[in-house]
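Colleague: Could you take me through this model feature by feature, giving me the general idea before the particular case?

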Amino acid sequence: MAMNDAVDWARDLGGGTRVALIQAGTFRSDAGVLFGPVPWVLWGGLVNDEVDDKRRLLQALNCLLIETPAGRVLVETGIGERADDKTRAMRVYEGPAIVPALETVGFSPDSVDVVAMSHLHFDHAGGLLRADGARAFPRAKIVAQRSEWVVALGDNPRLVASYVQPELRLVRDWGAEGWVDGEKELLPGISVVPTGGHSTGHQAVIVRGSGDGARTLAFFGDLLMRPWAANPRWVTSFDDFPLDSVTRKAELFAQAADEDWIVVLSHEATHPIGRLVRDRDRYRFEAT
Ligand SMILES: [Zn+2]
């Protein structure tokens, strides 16, 4: 099955591996929470055009569809079709959800072999089920870290706030078939790498092409939601373990900058594709 030109962005990485960006709608998040410990005087000017009357920023639900000779992987599922009206209004959630977004670009959800999620917060794991409760990706294995599932379905009141537990319970057995512990290659060239930080079992997805001109693409999940998160110290208040976020961001971003990886931001609406460049003791995201 070929994708059509409606796809938001696509790139060949070499060796028959192709990555496409699929945006599964948008929602809004409180700006102050997204900037965490950073004072408003440093960030206010970055978002003047975007902040709404309730001081919220527009957040895209960026997903990746990866085609390789060995199979197809979807990264992230967005908020999905099952959010109720109250939640849609509160989050200012607007579709299309992931399944209609895939179908618009000519791609059948039935053909997805693996769904990898950076973590299980509502805006990443919400699209696993259709509105009627059927599996959105009936042939797929769904992959997240085992530690993420344990915390998501646990009882720590601070940690469970961003998970929709009743929905996750519906897919728990499906999820258990795809639990991973630590780094794992899902298909040749496509790996998940645990990061922690944002959530207990948060993971990055690294895609490596092969052959002449091969490129590597990294999706750092919510460790790199927006361009300003390229500074390892700029972490969100959604991060459950912010010191771990700072450490892992510094490590991963160094590798991405030194090896000139293509980087995709998890929640940037307009210019989510780019690269990381060293900038004194931090990094800068340059959109391409
Ligand atoms: Zn998120």
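This is a predicted model: local features need pLDDT of at least 70, side-chain atom pairs count only at pLDDT 80 or more; totals for chains, interfaces and linings use all residues.

Modeller: Residues are numbered from 1 along each chain as its sequence is written.

Colleague: How many helices and strands does the protein chain have?

Modeller: Helices (H or I, at least four residues) and strands (E, at least two) are DSSP runs, numbered from the N terminus. On that basis, the protein chain has 9 helices and 14 strands.

Colleague: What radius of gyration does the protein chain have, and what would a compact globule have?

Modeller: The radius is taken over C-alpha atoms, and the globule rule is 2.2 Å times the number of residues to the power 0.38. For 288 residues the rule gives a value near 19 Å, and the protein chain, at 18 Å, agrees with it. Its C-alpha trace spans about 50 × 50 × 35 Å along the principal axes, and 44% of the residues count as buried (20 or more other C-beta atoms within 10 Å of a residue's own; exposed means 12 or fewer, and partly exposed lies in between, with C-beta atoms placed from the backbone).

Colleague: How do S10, S11 and S12 pair?

Modeller: Strands of a sheet pair through backbone hydrogen bonds, either parallel or antiparallel. Here two strands are taken to pair if DSSP finds at least two bridges between them. S10 (residues 203–208) and S11 (residues 216–219) are antiparallel over 4 bridges, with Ile206 opposite Ala218. S11 also pairs with S12 (residues 262–264), in the parallel sense over 3 bridges, and there Ala218 stands opposite Val263. Between S11 and S12 the chain passes through helix H9 (residues 242–258), making a right-handed β-α-β crossover; that is, with the strands pointing away from the viewer, the path from the first strand over the helix to the second runs clockwise.

Colleague: Which residues of H9 are buried, and why do they line one face of the helix?

Modeller: An α-helix has 3.6 residues a turn, so residues three or four places apart point the same way. In H9 the buried residues are Ser245, Arg248, Lys249, Leu252, Phe253 and Ala256. Seen down the axis of H9, they fall within an arc of 130 degrees, so they line one face; the arc is that of the directions from the helix axis to the C-beta atoms. The face turned away from this buried side carries the exposed residues Leu243, Glu251 and Asp258. The buried residues pack against S10, S11, S12, S13 (273–279) and S14 (282–287), where a contact requires C-beta atoms, placed from the backbone, within 7 Å. Just after H9, Asp260 takes a positive phi of about 55 degrees.

Colleague: Is Ile66 buried or exposed, and which residues does Ile66 touch?

Modeller: For a single residue, one can look at its C-beta neighbours and then at its contacts. Ile66, found in strand S3 (residues 56–68), is buried, with 26 other C-beta atoms within 10 Å. Leaving out residues up to four places away in sequence, Ile66 touches Thr17, Val19, Arg72, Val73, Val75, Ile190 and Val207. Over the protein chain, residues 24 or more positions apart account for 69% of the contacts with a separation of 6 or more.

How values were computed
Two residues are in contact if their C-beta atoms, placed from the backbone, lie within 7 Å.
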